[in-house]
Amino acid sequence: MTTSPSHAPYRAPRVPSEAPPAVDGLVSAARRHLRRVAHDLGHPSPPPPPVPPDAPRRWRRLLPHAPGLVLFAVFFPTTVSVLSNQYGVDAKIWGFLAVAQAAPLLMLGHRPLQAWWIILPADVLGALILLREPTASFDVWPWPPPTLLGHLFLLLAVALREPLRTVASVWSVTSVAGLVLHLIAPGRDNGSAVLLSILGAVFAVLGAVIRERGVARQRLVEQESISEAERARRTLLEERTRIARELHDVVAHHMSVITVQADSAPYRVQGLSEEAREEFGAIAASARESLTEMRRLLAVLRSDGTDGERAPQPGLDRVQQLVEATVRAGLPAELSLAADLSELPQAVDLSAYRIVQEALANVVRHAPGARTRVSVTSDGGHLTVLVVNGPAGQAGSPLEVNGTGHGLVGMRERVRLTGGSLDTGPLPDGGYRVAARLPLKHSVS
């Protein structure tokens, strides 16, 4: 009788236990943090641009190096004296340590992080060398007073130069170095390692705050420059849009006249051929199409929610009313207006009125009460607009100290539109002068 062999019970293969997801996350975060610390400590910020060698004064070129020179001049002899006299270190050793710990302070103005790379190993090496020397009751270990104070200034320079994460990394590595030295000789440590960690944190925070304020101030200046440039650009676009709207009214009037004349020509002129009638019809159709295209363009130029002006565009025939209104507002103004100004191109007529309007508005805002003279003359080829005011005639501050620039921008754009020239500027007596010369021929009408 044979018996079948007994079968062993089935056992599942053993799977190695995996770490909990939380532990993996902590390990991964620690590795990322260490990589960032290593990157920060190994990649210092680029040094600031040096002062130009052609700076007007020599001391300005040397100013960034002054703190390092002062610290080196103070700490080098102090370190030599402390190591040789207080700790009794051999001359060859204290000479090397003094140079390694004090000379890198010359780099604080431009490369403080590189200086820290040299000073920290030199400080640690000095602490290990001091362990060989006999202990005295007045000895400070692991960081003697010159080393402690020099490292505080070093942390301050790093905080003023590097971002906050790099500063925290530098402080952490320095504190860990002090902790390791304490563990090597706990009986020798008399509190300087803890003192450096505490005071180092204070100096690092102080430097970081000063640096962040400087960065914020620089960003504010840059933003103000960008805002000023954007404001000037927006002012120019707004003024051009306004001029385009007004020009529409001027051109639309002439196009409407062309349309009416072309439509009525076959009825007013007798004996026209069929070809002439068709030609007048084509002219009228082109004029209507041009008017339609201009209205579409004007609709694009208008801001949302704004309606067009219903009143006709003003001209020099209304300058008298403008000056009278200015006089009623408290500005003593005189007007000299030539008599032969009835046949002006509409674009020149409108531009001249707007120039006078803007100039008087600027006087009211910036020099209230100033005596003002407005003169508009023509020599047949050019129209000259002159607005001159004296110093402010009323006590007190002007209505506006810094204007928006709309007035002068508008004047320049209108003068450019007509192909003329504009001259503006202050006068020796404290007044201001605006002179525009607009050609009467070859202008847009």
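**Figure 1. Aromatic pairs in the predicted model.** A search of the whole structure, a predicted model, finds two aromatic pairs. One is formed by Phe-72 and Phe-76 and is stacked. The other joins Phe-75 and Phe-153 and is edge-to-face.

Figure 2. The rings of Phe-72 and Phe-76 lie 5.4 Å apart, centre to centre. Phe-72 is partly exposed, at 26% relative accessible area. Phe-76 is also partly exposed, with a relative accessibility of 28%.

**Figure 3. The edge-to-face pair Phe-75 and Phe-153.** Ring centres of Phe-75 and Phe-153 are 6.2 Å apart. The ring planes stand at 65°, so the pair counts as edge-to-face. Phe-75 comes from helix H3, and Phe-153 from helix H6 (residues 145-161). The pair therefore ties together parts that are 78 residues apart in sequence. Phe-75 is buried, at 8% relative accessibility. Phe-153 is partly exposed, at 35%.

**Figure 4. Helix H4 against helix H5.** H4 covers residues 91-102 and H5 covers residues 112-130. Their axes come within 8 Å. The crossing angle is roughly 150°, and angles over 145 degrees count as roughly antiparallel. H4 and H5 are therefore roughly antiparallel. The crossing of H4 past H5 is left-handed. On the H4 side, the contact involves Ile-93, Phe-96, Leu-97, Ala-100 and Gln-101. H5 contributes Ile-118, Ile-119, Ala-122, Asp-123, Leu-125, Gly-126 and Ile-129. By class, the contact residues of H4 with H5 comprise nine nonpolar, two polar and one charged.

**Figure 5. Helix H10 alongside helix H11.** H10 runs over residues 319-328, and H11 over residues 346-366. The two axes come within 10 Å and cross at roughly 5°. This angle makes H10 roughly parallel to H11. Val-319, Leu-322, Val-323 and Thr-326 are the H10 residues in the contact. They meet Tyr-353, Val-356, Gln-357, Leu-360 and Val-364 of H11. Seven residues in the contact of H10 with H11 are nonpolar and two are polar. No charged residue takes part in this contact of H10 with H11.

How values were computed. Residues numbered from 1 in each chain as written. Predicted model: local features only at pLDDT ≥ 70, side-chain atom pairs only at ≥ 80, totals over all residues. Heavy atoms only, no water. Axes fitted to C-alpha atoms, helices over the stretch in contact; angles between N-to-C directions. Helix = DSSP H or I, 4+ residues; strand = E, 2+ residues; numbered from the N terminus. Parallel < 35°, antiparallel > 145°, perpendicular 65-115°, else oblique. Left-handed = near helix turned anticlockwise from the far one by under 90°. Contact = heavy atoms within 4.5 Å. Nonpolar A, V, L, I, M, F, W, Y, C, P; charged D, E, K, R; others polar. Phe/Tyr/Trp six-rings, centres within 6.5 Å; stacked < 30°, edge-to-face > 60°. Buried < 20%, exposed > 50% of the residue type's maximum accessible area, 1.4 Å probe, protein only.
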